[in-house]
Amino acid sequence: QVQLVESGGGLVQAGGSLRLSCAASGRTFSIYVMGWFRQAPGTEREFVGAISQAGHSTYYADSVKGRFTISRDNAKNTVYLQMNSLKPEDTAVYYCAAKLGVHGFPYDYWGQGTQVTVAS
């Protein structure tokens, strides 16, 4: 089992940057695929991106491709979401999640979320 805690959210002007972190408990962090999701008020939670266990592969939603970058440091049990060129439509609560494989596996573990607000 793994517990996830996000941090780094806040208020930023459009065009600005933020880096979110997600710290995981436990010693088996490196076996999990890590994902980032977001949910804006009145909308369903949407996939932002994911990174494979060793960090060799990343996947992004079209809406963030080229602006957001996911990375991980398995020695620190942490995954990051670097967000650049932020837009007001990026405003949402951002969640990290963990699952055991890239394809065909559900995200079993979720953090509590961190709020990102992008002002126009």
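I started at phenylalanine 37, which is buried at a relative accessible area of 10%. For the record, buried means under 20% relative accessible area, exposed over 50%, and partly exposed in between, with a 1.4 Å probe and protein chains only.

Housekeeping: this is a predicted model, where local features need pLDDT of at least 70, side-chain atom pairs count only at pLDDT 80 or more, and totals for chains, interfaces and linings use all residues. Residues are numbered from 1 along each chain as its sequence is written, and side-chain values use heavy atoms, with hydrogens and water left out.

**Aromatics**

I looked up the aromatic pairs and got five. The rings are those of Phe, Tyr and Trp (its six-membered ring), with centres within 6.5 Å; planes under 30 degrees apart are stacked, over 60 edge-to-face, the rest tilted. Phenylalanine 37 and phenylalanine 47 pair edge-to-face, 5.6 Å centre to centre with 75° between the planes. That pair links distant parts of the chain, strand β4 to strand β5, 10 residues apart. Strands here are DSSP runs of E, at least two residues, numbered from the N terminus. Phenylalanine 47 is partly exposed, at 31% relative accessibility.

Next I checked tyrosine 107 and tryptophan 110: a tilted pair, 6.0 Å centre to centre and 55° between the planes. Tyrosine 107 is buried at 17%, while tryptophan 110 is partly exposed at 30%. Phe37, Phe47, Tyr107 and Trp110 make up one aromatic cluster.

What lies over the face of tryptophan 110? I found arginine 45, 3.8 Å from the ring centre. The criterion is NZ of Lys or CZ of Arg within 6 Å of the ring centre and within 35 degrees of the ring normal. Arginine 72 does likewise over phenylalanine 29, at 4.5 Å.

**Sheet**

Last, I traced an open sheet of four strands, order β1-β3-β8-β7, with antiparallel pairing. Strands pair if DSSP finds at least two bridges between them. β1 (4-7) and β7 (68-73) sit at the edges with a single partner strand each, so one side of each has no neighbour in the sheet. β1 and β3 (residues 18-24) pair over four bridges, and serine 7 has serine 21 as its bridge partner in β3.
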